[in-house]
Amino acid sequence: MNALAATSRNFRQAARLLGLDSKLQKSLLIPLREIKVECTIPKDDGTLATFVGFRVQHDNSRGPMKGGIRYHPEVDPDEVNALAQLMTWKTAVAAVPYGGAKGGIGCTPGELSRSELERLTRVFTQKIHDLIGINTDVPAPDMGTNAQTMAWILDEYSKFHGHSPAVVTGKPIDLGGSLGRDAATGRGVMYATEALLTEYSESISGSTFVIQGLGNVGSWAAKLIHQKGGKIVAVGDVTGAIRNKSGIDIPALLKHRSEGGSLEDFYGAEVMDAAELLVHECDVLVPCALGGVLNRENAAEVKARFIIEGANHPTDTEADEILAKKGVIVLPDIYANSGGVVVSYFEWVQNIQGFMWDEEKVNRELQKYMKNAFQNIKDMCKSQNCNLRMGAFTLGVNRVAKATLLRGWEA
């Protein structure tokens, strides 16, 4: 089941639990606006190249729409639709005043020079500048884009609308980016893990962890869990996987990788079969890489008692059912990886106020939001008698439905 089908299924289940009217359900599912634009740029060799850019704006009942822009060769409209919808529920679960959006350009960033990427970003911004904005739709980086991409969007948008640092988040610090933004999603994963383990009278320092994926989210989560005394017994990325039952020295591993070393030649652990990483013995499994990695093939073999979804949609629907039968507690992506959007909200707030926070305040506020959201999810689980994923979805859908009804959607 793909991301769109799974998201829609979770939405329908939540709507049923909440007893939402079928007309309201339909209204909540259909995106507010889908934008598709042609972006033609001169390449460095003088030839012209055309790319398709798009933006799906899902819902704005709770505030401006928010979501990433990805540069990827297979930007699938269905997936973007699902991710835009997921952002609507995610921002509602986190209690930040946003709706959901998502977008991107179908291209291979690795095959374009820096100046070609800049031209492409500027042309895309020219095509959508009147449909995004501080109080309309606030983009952020995603797969294949970064702080520099946001700087180009900010500059191009400002040519039309005046200096507007709050139009994008995930910017470089020198252009109004927030301290703590780089680590935010990984830090949020750590705070979410802390909240869940506390609920079961356990702690990070007494638990063993397996982390799949060492990109931005996985490496920060690993670093912060290690700092809190968690024992990380196995990690893996696209190149392979390693383990050490006494615990891997994460700072040494990250230093080794930053110097160009691979997992396999890291001295502090032994190489293991990457296929066994997700079913390795541990208390807490943290998938931070791709979607659909936990499925009916491997779910029954999972030995972890807790799964923290650092990635988007790492557990497919069949795996969810198998894990539930085994009594494995799954903390859903819609909450577990929301640290990034929470700190994006802080960045937007700082830009609007023209007053920047220190990193300590950013992290303190993030911890508060993650703690409160977990409590709200637990309360919803109790009142609806459901698992954490459904608790999170019902919480998010309920907040958006309430806002929609209060604004008067039938007129």
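Helices (H or I, at least four residues) and strands (E, at least two) are DSSP runs, numbered from the N terminus. This is a predicted model, in which local features need pLDDT of at least 70 and side-chain atom pairs count only at pLDDT 80 or more, while totals for chains, interfaces and linings use all residues. Residues are numbered from 1 along each chain as its sequence is written, and side-chain values use heavy atoms, with hydrogens and water left out.

**First stop: α1 and α3**

Select helix α1 (residues 3–18) together with helix α3 (residues 77–94): their axes come within 8 Å and cross at roughly 35°. Such axes are lines fitted to C-alpha atoms, for helices over the stretch in contact, and angles run from 0 to 180 degrees between N-to-C directions. The crossing of α1 past α3 is left-handed. A crossing is left-handed if the near helix is turned anticlockwise from the far one by less than a right angle, and right-handed if clockwise.

**Second stop: the two domains**

Next, colour domain 1 (30–163) and domain 2 (181–333) separately. These bounds come from an automatic or database domain assignment. The C-alpha centres of domain 1 and domain 2 are 30 Å apart.

Now select S178, in the loop between α5 (147–161) and α6 (184–199). Is S178 buried or exposed? S178 has a relative accessibility of 3%, so it counts as buried. Buried means under 20% relative accessible area, exposed over 50%, and partly exposed in between (1.4 Å probe, protein chains only).

Display the surroundings of S178: leaving aside neighbours within four places in sequence, this residue is in contact with I173, V343, E347, Q350 and V362. With Q350, the side chain of S178 forms a polar contact of 3.1 Å. A polar contact is a pair of N or O atoms within 3.5 Å; within protein, one must be able to donate a hydrogen and the other to accept it, and residues adjacent in sequence count only if both atoms are side-chain atoms. Then draw a distance from the C-alpha atom of S178 to that of E281: these residues are 103 residues apart along the chain, and the separation is 38 Å.

Select α6 and helix α12 (residues 359–384), whose axes come within 9 Å and cross at roughly 45°. α6 and α12 are therefore oblique to each other. Angles under 35 degrees count as roughly parallel, over 145 as roughly antiparallel, 65 to 115 as roughly perpendicular and the rest as oblique. Which residues make the contact? On α6 they are A184, R187, G188, Y191, A192, E194, A195, L196 and E199, and on α12 they are N363, L366, Q367, M370, F374 and K378. The crossing of α6 past α12 is right-handed.

Select S201, in the loop between α6 and β6 (208–212). Its phi is near 55°, a positive value in a residue other than glycine. S201 is exposed, with a relative accessible area of 70%.

Move to H313, in the loop between β11 and α9 (317–326). H313 also has a positive phi, of about 55°, although it is not a glycine. At 18% relative accessibility, H313 counts as buried.

Select N298, which lies in the loop between β10 (284–287) and β11 (306–308). N298 is buried, with a relative accessible area of 15%. Its side chain reaches the backbone oxygen of V293 at 2.9 Å and the backbone nitrogen of N295 at 2.9 Å. Apart from neighbours within four places in sequence, N298 is in contact with L278, V279 and V293.

A299 is also placed in the loop between β10 and β11, and it is buried, with a relative accessible area of 0%. Beyond its neighbours within four places in sequence, A299 is in contact with A319, I322, L323 and K326.

**Last stop: D333**

Finally, select D333 in helix α10 (residues 333–336). At 4% relative accessibility, D333 counts as buried. Not counting residues up to four places away in sequence, D333 touches L86, K90, E309, A311, N312, H313, P314, S338 and R389.

Methods: Contact = heavy atoms within 4.5 Å.
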